[in-house]
Amino acid sequence: MQQFEHAARVLGWHGHLVSNVEVLGSRFTAVTRLRPDVHQWRTAHDWPPQAEPSGVHAWAEPDGPEQVPVPAVDLIGVMVRVSKARRATRACGTLLTIAPCAAVLPGDHPYRPWALTELDYYGIGAVTTYRDGPARLVLSPEDRRAEFGTSLFERWLLELLYQRVLRQEFHSTESTSNTTEGGGADFP
């Protein structure tokens, strides 16, 4: 988890880490920010997180509800751990359509100009980090969400992340640590 905390800091992404997220064959760590005003409204109006894809899909149906809740989290970015820069394009894949994506590489990863040129072309960031040491920004990610628009997948993912953030917040208030099993931590 520390690697991702260091990587998020060097990327300038401040928020809540949600680790071990697995969707569409990708495993990543998301950096999110809870929207307290929306969370309070949703709690007051009995709109809990809708983590089931079918529930979010029903919101888009013609005979679906007249109102749907506003997302209660913002997705700042996603980080994928890869052993080599050339694997980052596949690892980020569809994730590029929903948030800036950065590859977290081992601290001793060699500089490979061609691989980094490809990452830069797709807007994928790269960070090198050791397990216990600081991270180094190699390539800044780009936010390409506007090129793709929004989707039901993105809306469902925001609901899933909202559920995970609330679960982690609940667990962190029960313990003295901000980090929970399954991964998650707030950091400045």
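**Helix H5**

I began with helix H5 (residues 113–122), where I found Ala-115, Leu-116 and Leu-119 as the buried residues; buried here means under 20% relative accessible area, exposed over 50% and partly exposed in between, with a 1.4 Å probe and protein chains only. Looking down the axis of H5, I saw that the buried residues fall within an arc of 95°, so they line one face of the helix; the arc is that of the directions from the helix axis to the C-beta atoms. This is a predicted model, in which local features need pLDDT of at least 70 and side-chain atom pairs count only at pLDDT 80 or more, while totals for chains, interfaces and linings use all residues. Residues are numbered from 1 along each chain as its sequence is written, and side-chain values use heavy atoms, with hydrogens and water left out. Helices (H or I, at least four residues) and strands (E, at least two) are DSSP runs, numbered from the N terminus.

On the face of H5 turned away from its buried side I noted the exposed residues Trp-114 and Tyr-121. I then looked up what the buried residues of H5 pack against, and found helix H4 (88–92), strand S5 (125–129) and strand S6 (135–139); contact means heavy atoms within 4.5 Å. After H5 comes Gly-123, with a positive phi near 85°.

**Aromatic pairs**

I searched the whole structure for aromatic pairs and found 2; rings of Phe, Tyr and Trp (its six-membered ring) pair if their centres lie within 6.5 Å, and planes under 30 degrees apart count as stacked, over 60 as edge-to-face and the rest as tilted. Tyr-121 and Tyr-122 make an edge-to-face pair, with 5.0 Å from centre to centre and 85° between the planes. Tyr-121 counts as exposed at 60% relative accessibility, and Tyr-122 is partly exposed, with a relative accessible area of 35%. For Phe-153 and Trp-156 I noted ring centres 6.1 Å apart and planes at 40°, so the pair is tilted. These two residues, Phe-153 and Trp-156, are 3 residues apart in helix H7 (residues 152–174), which means that about one helical turn separates them. Trp-156 counts as buried, at 14% relative accessibility.

S4 pairs with strand S3 (residues 73–81) in the parallel sense over 4 bridges, two strands being paired if DSSP finds at least two bridges between them. Val-80 has Ala-103 in S4 as its bridge partner. S4 also runs parallel to S5, joined to it by 5 bridges, and here I noted Leu-105 opposite Thr-128 in S5.

S4, H5 and S5 together make a right-handed β-α-β unit; a crossover is right-handed if, with the strands pointing away from the viewer, the path from the first strand over the helix to the second runs clockwise.

In S5 I found 5 of its 5 residues buried, with Gly-125, Val-127 and Thr-129 on one side and Ala-126 and Thr-128 on the other. S5 and S6 run antiparallel and are joined by 4 bridges, among which I looked up Thr-129, whose bridge partner in S6 is Ala-135. The two strands S5 and S6 form a hairpin with 5 residues between them.

**Nonpolar cores**

I then looked up the largest nonpolar core, which has 40 residues, those with the most contacts inside it being Phe-28, Leu-75 and Leu-157; such a core is a set of buried Ala, Val, Leu, Ile, Met, Phe, Trp, Tyr and Cys residues joined through side-chain atoms within 4.5 Å. The elements giving two or more residues to this core are strand S1 (15–23), S2, helix H3 (53–60), S3, H4, S4, H5 and H7, and H7 gives the most, with 8 residues. Not counting residues up to four places away in sequence, Leu-75 touches Ala-30, Val-31, Thr-32, Ile-98, Ala-99, Arg-145, Leu-157, Leu-158 and Leu-161.

**Thr-29**

My last entry is on Thr-29, which lies in strand S2 (residues 26–34) and counts as buried at 2% relative accessibility. Its C-alpha atom is separated by 5.7 Å from that of Val-78, 49 residues apart along the chain. Leaving aside neighbours within four places in sequence, I found Thr-29 in contact with Phe-4, Leu-17, Val-18, Ser-19, Asn-20, Gly-77, Val-78 and Met-79.
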